[in-house]
Amino acid sequence: MSVQVPKPDHCIDLGVGQPDPALLPTALFSDLAVGWQDLAYGEHAGDRGFRQHLAHWLSGEYQTPVEPQQLFVTTGSSGGLDMICSRLARPGDVVLVEEPSYFLALMQLVEHGLKPVAVPMDRDGLEPAALEQAIRQHRPAFIYSIPTYHNPTGITQSRARREALVALARQYDCPLVADEVYQCLYFAEPPPPPLACFDPQAPVLSIGSFSKILAPGLRLGWLHGSGEVLGRLLGSALLKSGGGLAPVTSALVNPLIEQGALQSYIAGLRQTFRARRDCLHDSLSAALGGQLELNRPDGGYFLWAHLRDGRDIRAHEPRCRALGVAVKAGPLFSVRGGFRSSLRLCFAWYDEAQLRAGAERLARALDGGY
Ligand SMILES: Cc1ncc(COP(=O)(O)O)c(C=O)c1O
């Protein structure tokens, strides 16, 4: 199974969810330097100056005030989730997840001895009535949700849905962990603000990351907290021993935020990925016509497609391999082995010529039957 890896030579792997290496902004980093204070142990929540610039940028981006003391610097979204698993849960605890959900987050939960329990989604995201029932039944350690340009479905929760979910988190005092790594990658209108912006009293942690909007190799992200829940992370022995996370990388990214270089770079990414989304969507529609039901998400990285005749996508994998194309099969994203006719396709990793070639190969692989 391909996960976070370099590009393969002989296969157009539409399954990999990474930014295109050709788009990584090496020039932005060429003149940057760090000072002695960045090389010392840092403040537990992360460098104060960096959090101030981050808060200022996010306040504009979300059109909602974000304060530096609501932010905690992490080693990317995965690093943030790992810390949440360590600090908010104990082995054996249940975590409520969307069905389907990001497969590597599910793996992280399992690696911590936690039990992911699926809650259904509708067209508007996680279903509040089903979530409430699951909270009452399982008393989970926390809820894990991807509210914006969901991985893999591309669904974005409406404002009303977000309010309902945050209200449940507050009512049951159950931490709501929102993985919002695609929040800034909108292709037309911005989405509603992250879940941590809705109720200052509710236990919500919104996870942000620079992986999809600047460079995954930075391993840099943040948690944005409401309620008291951020404080539970700050007592970590990891921080007591090692100080705040990622002082050097946050020192490198700090001037890019302050000078607006990050914001300009993201504006370019939105245009590039929007064109790539249309390219992959339209190439697949042209090549596979009525065979494939396809969404056109308003942002993010992925198309989510379904074989209309209900065939199992995994049965096509040998033929896909032979023709030099790969996708992510639906069951990977399900704790119940569901979504057998579904596939996730990433439009961020390849340029338009390669996306067209990938779509043609996939059409040949699927047309050929079993
Ligand atoms: C929903 C989601 N969360 C987290 C990640 C990984 O983020 P990071 O590189 O910041 O750990 C990804 C990457 O595919 C993702 O899709």
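The protein chain contains 13 helices and 14 strands; helices (H or I, at least four residues) and strands (E, at least two) are DSSP runs, numbered from the N terminus. This is a predicted model, in which local features need pLDDT of at least 70, side-chain atom pairs count only at pLDDT 80 or more, and totals for chains, interfaces and linings use all residues. Residues are numbered from 1 along each chain as its sequence is written, and side-chain values use heavy atoms, with hydrogens and water left out.

**Overall dimensions.** A compact globule of 370 residues would have a radius of gyration near 21 Å, and the protein chain agrees because its value is 20 Å. The radius of gyration is taken over C-alpha atoms, and the globule rule is 2.2 Å times the number of residues to the power 0.38. Of the 370 residues, 56% are buried, where buried means under 20% relative accessible area, exposed over 50% and partly exposed in between (1.4 Å probe, protein chains only).

**The sheet.** Eight strands form an open sheet with mixed pairing, in the order E2-E9-E8-E7-E6-E3-E4-E5. Two strands pair if DSSP finds at least two bridges between them. The edge strands, E2 (71-74) and E5 (125-126), each pair on one side only. Strands E3 (residues 94-99) and E6 (residues 142-145) run parallel and are joined by three bridges; valine 97 stands opposite tyrosine 144 in E6.

**Aromatic pairs.** The whole structure holds 14 aromatic pairs. Rings of Phe, Tyr and Trp (its six-membered ring) pair if their centres lie within 6.5 Å; planes under 30 degrees apart count as stacked, over 60 as edge-to-face and the rest as tilted. Two of the pairs are listed here.

| Pair | Centre to centre | Angle between planes | Type |
|---|---|---|---|
| Tyrosine 182 and phenylalanine 302 | 5.9 Å | 80° | edge-to-face |
| Phenylalanine 273 and tyrosine 301 | 5.4 Å | 65° | edge-to-face |

Tyrosine 182, in the loop between strands E7 (176-179) and E8 (204-209), lies 120 residues from phenylalanine 302 in strand E11 (residues 302-307), and their pair links distant parts of the chain. Both tyrosine 182 and phenylalanine 302 are buried. Phenylalanine 273 belongs to helix H11 (residues 261-288) and tyrosine 301 to the loop between strand E10 (292-294) and E11, so this pair ties together parts 28 residues apart in sequence. Phenylalanine 273 and tyrosine 301 are likewise buried. Elsewhere, ring pairs link Tyr102, Phe103, Trp304, Phe333 and Phe339 into a cluster.
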